[in-house]
Amino acid sequence: MLPFDRFVRAVDEWARDNPRQPVFIQIGEGAYEPRHAPFARIMPMTEYRERLRGCSLFVAHVGMGAILQGLEEGKQMLLMPRRHDLGEHTTEHQLHTAARFGDRPGIRIVEDVPQLKAEMSRLIGEPLRTGETISNEASPGLIAGVAKFLDRARPRP
Amino acid sequence: MARQPRLLAAASGGGHWVELLRIRRAFAGWDVAYVSMFDNYVSAVPGARYYTVPDASRFDKIAFFKVALKALRITFKERPDAIVTTGSAPMLWFLLFGRLVGAKSLWIDSIAQAEEMSSSGRIAKKLATATVAQWPEVACAEGVECWGAVL
């Protein structure tokens, strides 16, 4: 898992400044280890899901794994994009994802660390209104398209 | 009775894997083996065969070739009739090796690619039987189809 030290450090500093709020951070292969909150390098998917289900604010990068799982659980999400120019990802696609998903109910996107910290404090007190919880399935069109592709790929006797 | 056709469904860790899980209903009637990068993901696909390849979703060229070796072994062990992947780059190996065993393959470019097709998707167009994008504008610009999205 790619490091995102700028994000991890920001959340850790917020934890330091807000000692009464329980915070848990997944840090991947980052060099910076949190000092003010418990953390894991990478959680098993089931633990990630349980922690997501139990939290009141989900703070993450603008990754589709985070967005899809956050929507499946109906959680308010505060997201900061990884930036290619800072070496945080292989391309700038998180900025594009941010542009596409920033307007969805329950999602707030911030551009930098000061905004991230300010919004964490704000959203704990005034949560975003979230949209309908989404199903755990792709759109019917994509499911049907894949099924049709597979039907044609069946070996013929 | 004919054997159940075999499908290899592959995705890198993180979002790619979550995207793959969201199209599982389309795999009904297939004997599915899954491939991703982390051992604990097996809990998401109970009853299916599950393989891992090294985590190479980063700036790591050596890991990329380690994936190749593992992908070759998995492909020849499974000898799938079809391969479906939601990316990312390391999964291109399955498209390549899939051709050697005669599998039909599908690359679904990630929904995260909202402005342009991924560079891996562009390579996939040359290797896969079919390549699709999840945003109509992206599909249109690349001359591929868009059937819908994982959302």
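Biologist: Is A:Gly54 buried or exposed?
Modeller: This is a predicted model. A:Gly54 sits in helix α2 of chain A. A:Gly54 has 11 C-beta neighbours inside 10 Å, so A:Gly54 is exposed.

Biologist: How far apart in space are A:Gly54 and A:Asp85?
Modeller: In sequence, 31 residues separate A:Gly54 and A:Asp85. In space, C-alpha to C-alpha, the separation is 34 Å.

Biologist: How do α2(A) and α3(A) lie relative to one another, as a class of angle?
Modeller: α2 spans residues 45-54 of chain A, and α3 spans residues 64-73. Their axes are 10 Å apart and meet at an angle of about 55°. That angle makes α2(A) to α3(A) oblique.

Biologist: Which residues of α3(A) meet α2(A)?
Modeller: The crossing of the two helices, α2(A) and α3(A), is right-handed. From α2(A) come A:Arg49, A:Leu52 and A:Arg53. Their partners in α3(A) are A:Gln69, A:Gly70 and A:Glu73.

Biologist: How many charged residues does the contact of α2(A) with α3(A) have?
Modeller: By class, the contact of α2(A) with α3(A) has 1 nonpolar residue and 2 polar ones. The number of charged residues is 3.

Biologist: Which helix gives the largest share of the side of chain A that touches chain B?
Modeller: In total, 34 residues of chain A contact 37 residues of chain B. On the chain A side, α2, α3, α4 and α6 each supply at least two residues. The largest share is 10 residues, and it comes from α6(A).

Terms used: Residues numbered from 1 in each chain as written. Chains lettered and ligands numbered in written order. Predicted model: local features only at pLDDT ≥ 70, side-chain atom pairs only at ≥ 80, totals over all residues. Axes fitted to C-alpha atoms, helices over the stretch in contact; angles between N-to-C directions. Helix = DSSP H or I, 4+ residues; strand = E, 2+ residues; numbered from the N terminus. Parallel < 35°, antiparallel > 145°, perpendicular 65-115°, else oblique. Left-handed = near helix turned anticlockwise from the far one by under 90°. Contact = placed C-beta atoms within 7 Å. Nonpolar A, V, L, I, M, F, W, Y, C, P; charged D, E, K, R; others polar. Buried ≥ 20, exposed ≤ 12 C-beta atoms within 10 Å, placed from the backbone.
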